[in-house]
Amino acid sequence: MSGMSGELGMAMGLAVIGSLAAGLYRLEMTGFVPVGALPEMAQSFGLTAAYALTLEQELAGRLLDAARNAFVDGLNGAAAFGAGLALLLCAGAAWAFRPSQAAG
């Protein structure tokens, strides 16, 4: 049972942090959707790269640069969230397991 709960916790953590990274990517890419492009193009790096193949070279390069930056920024934001959450949980565990003060 404890093994299953550990695996479930890891899977849920990856899902939450992955969703956060994807959301940050979408948020940053929303401003880079070229006129005439489908809004869904900003949903993933793969869709952006596929759309870039239909553009002239200079515009495609700028779009791919923006997509790469948004992808890295999304991963950095998700990693910072995960690190902050881990520190918060460590502080909570340290507080919960602190030595008790005997009254007296």
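Modeller: Gladly! Let us start with burial: buried means under 20% relative accessible area, exposed over 50%, and partly exposed in between, using a 1.4 Å probe and protein chains only. This is a predicted model, so local features need pLDDT of at least 70 and side-chain atom pairs count only at pLDDT 80 or more, while totals for chains, interfaces and linings use all residues. Residues are numbered from 1 along each chain as its sequence is written, and side-chain values use heavy atoms, with hydrogens and water left out.

Colleague: Which residues of α1 are buried?

Modeller: Helices are DSSP runs (H or I, at least four residues), numbered from the N terminus. In α1, the buried residues are Ala 21, Tyr 25 and Met 29. They pack against α2 and α3, where contact means heavy atoms within 4.5 Å.

Colleague: What are the residues with the most contacts inside the largest nonpolar core?

Modeller: A nonpolar core is a set of buried Ala, Val, Leu, Ile, Met, Phe, Trp, Tyr and Cys residues joined through side-chain atoms within 4.5 Å. Here the largest has 13 residues, and Tyr 25, Met 29, Ala 52 and Leu 63 have the most contacts inside it. Both α1 (2-29) and α3 (57-96) supply at least two residues each, with the largest share, six residues, coming from α3.

Colleague: Why does Thr 48 count as buried?

Modeller: Because its relative accessibility is 0%. Thr 48 sits in helix α2 (residues 45-52) and, leaving out residues up to four places away in sequence, touches Tyr 25, Met 29, Met 41, Ala 42, Leu 63 and Ala 67.
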